[in-house]
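Q: Please take a close look at a single part of this structure and set it in its surroundings, giving the cut-offs behind each term.

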Amino acid sequence: MTCIACFISIMKVLLISANTLRVPYPVYPLGLDYVAGCLGSRHQTKIIDLNDFSSPEFLEAMIRDFSPDFVGVSIRNIDNTEVINCRSFLPEYENLVHLIRKNSKARIILGGSGFTIFPVEFMQVLDADYGIVGEGERFSLLLDALEKNADVSKIPGVLTKEKTEIVYEPYEGVIRRYFDPENRLIHFYLAYGGMLNLQTKRGCPFHCSYCTYPHIEGGRMRFDEPSEIAKNARKLQDAGAKYIFITDSAFNASYEHSAQVAKAFIQEGISIPWGGFFAPTIPPVDYFKRLAEAGLTHVEFGTESLSDVVLTNLRKPFSSSDVFAAHQEALDAGLHIAHYFLLGGPGENKETLQTTLTGIDKLGRAVFFFFCGVRIYPHTALYDVALKEGQIFKGQNILPPVFYRSQGIAVDEIMRTVEQHANGRLNWLIGAGEAKATRILPKLYRRGFTGPLWEYLIQ
Ligand code: B12
Ligand code: SF4
């Protein structure tokens, strides 16, 4: 299609969120709002979410009907990152690509956080036309370059079938979220937990040894304007959201910015509850109280261990005593608290595990999620450690998950020990609590409960 007034081509772009995992709950595909935001009204864009498309026939008909020039596929999860019952989502992505090819001649562009971790591998397995590593805001640059027959491989982060060399560079252009309260996928999330999500900044300045986040989003924090963030939060609230999840790697990585966001929420009249990930570092006086006044209800701490030896090996930016201090502050502010633990990293042994478990007993009124086994990802310090220790070899394909093996204790012993220590306590969950979540949460959501709901496990 060509715009007569300006003689530029208007492309039809279909953006598909390929994530159908519903554990712990289905997550709104926020990344696609940003990709659509960069395309603006320059192209005809449609966003669909496979969570909302139970029948492949319906999807096929929709693709044929819309007849897109480009299909952007968002790849968020690679697998469920669980050592036991590990599930890869690759076969589902292969089916999707097959279905797109069968029903259209569109060129396929891959992107998303999972894709960004293993871009070359995904390009090969899915035989896609293009890929964009990192921020999807470069989608419009890619379309412009293709329209002009320019060399797309000059655009940072863009991969082609031929170009497999990757340039990781944070996007410094305008970032705009497109949010359409009328899109049917909004209704899906409103009916299933009422949660919509929001980003306040990109990038994490910390260097935890196993973590992919600084690689996905960059290591330098890039902040959105607090008043703009609050306006976006208001749009979610007005659309009917019952809870906002802040998707930042660690919301409190900047105490100053996060406190400004909370203040802007009050000014904008945000009255629904919200939560997000926090690092258990020592907060400024009354930090959590001020956030609670602005509606914060749920704090999810990325604690990982209560052994200082392990915390140092994982390069965490806090010690176990900081965890207790942060926990107490959040408790005093009346917040619901969850701690995530990552067991089995370098230096883990029976003694460090015991230190963590007995430490947890002292953390009052919270939920504890235990991930046993640390997944090795490229571009992390843990990758180099595993390489040095001979646990992986250079060039090994680690898309099929490889977990770090601690010399001091095996994963099954870790799991057994945690289970024994938990002794049936409901608020101790191994992994994302897949079994419990699958059993309980859908029922509660159908009955109208909203938000992450893990607080109901606190005894
Ligand atoms: C917040 C978060 C959660 C929250 C989500 C809450 C909510 N309501 O949204 C919770 C705690 C529930 C969660 C759970 C899980 N998560 Co999580 N999560 C994240 C986190 C920190 C941010 C995701 C996010 O929303 N980012 C903000 C948006 C704007 O960014 P984005 O989606 O990446 O989109 C940008 C780009 O990727 C790109 N893009 C996106 N789509 C597309 C499409 C195209 C075509 C293009 C070109 C570009 C593009 O452009 C966007 C704008 O720049 C990421 C880590 C990270 N820093 O990315 C992990 C992450 C996505 N999670 C991950 C995992 C594994 C999980 C779980 C499976 C863990 C588990 N076992 O329970 C579950 C799965 C849940 C589900 N149902 O899918 C992995 C996925 C990769 C992998 N290893 O498989 C990540 C990357 C972390 C990691 N370990 O590396 N998660
Ligand atoms: S603080 Fe969290 S997001 Fe940042 S590097 Fe550490 S684990 Fe990753």
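How many bridges join strand β13 to strand β14, and which way do the two strands run?

A: This is a predicted model, in which local features need pLDDT of at least 70 and side-chain atom pairs count only at pLDDT 80 or more, while totals for chains, interfaces and linings use all residues. Residues are numbered from 1 along each chain as its sequence is written, and chains are lettered from A and ligands numbered from 1 in the order in which they are written.

Strand β13 (residues 274-278) is joined by 5 bridges to strand β14 (residues 296-304), and the two run parallel; strands here are DSSP runs of E with at least two residues, helices are runs of H or I with at least four, and both are numbered from the N terminus, while two strands pair if DSSP finds at least two bridges between them. Within this part, Gly275 stands opposite His298 in β14.

Both strands belong to an open sheet of 7 strands with parallel pairing, ordered β9-β12-β13-β14-β15-β16-β19. Because β9 (195-198) and β19 (428-430) stand at the edges with a single partner strand each, one side of each has no neighbour in the sheet. On average, neighbouring strands of this sheet are turned by 20 degrees against each other, direction ignored, with axes being lines fitted to C-alpha atoms and angles running from 0 to 180 degrees between N-to-C directions.

As for the wider setting, the domain assignment of the chain, which is automatic or taken from a database, gives domain 1 (4-160) and domain 2 (193-457). The centres of the two domains, taken over C-alpha atoms, are 27 Å apart, and 18 residues of domain 1 are in contact with 27 residues of domain 2, contact meaning that C-beta atoms placed from the backbone lie within 7 Å.

The largest nonpolar core has 80 residues, and Ala233, Ile244, Phe368 and Phe370 are those with the most contacts inside it. Such a core is a set of buried Ala, Val, Leu, Ile, Met, Phe, Trp, Tyr and Cys residues joined through C-beta atoms within 7 Å, where buried means that 20 or more other C-beta atoms lie within 10 Å of a residue's own, exposed that 12 or fewer do, and partly exposed anything in between. This core draws at least three residues from each of domain 1 and domain 2. Leaving aside neighbours within four places in sequence, Phe368 is in contact with His339, Phe341, Ile360, Asn427, Trp428 and Leu429.

Key
Contact = placed C-beta atoms within 7 Å.
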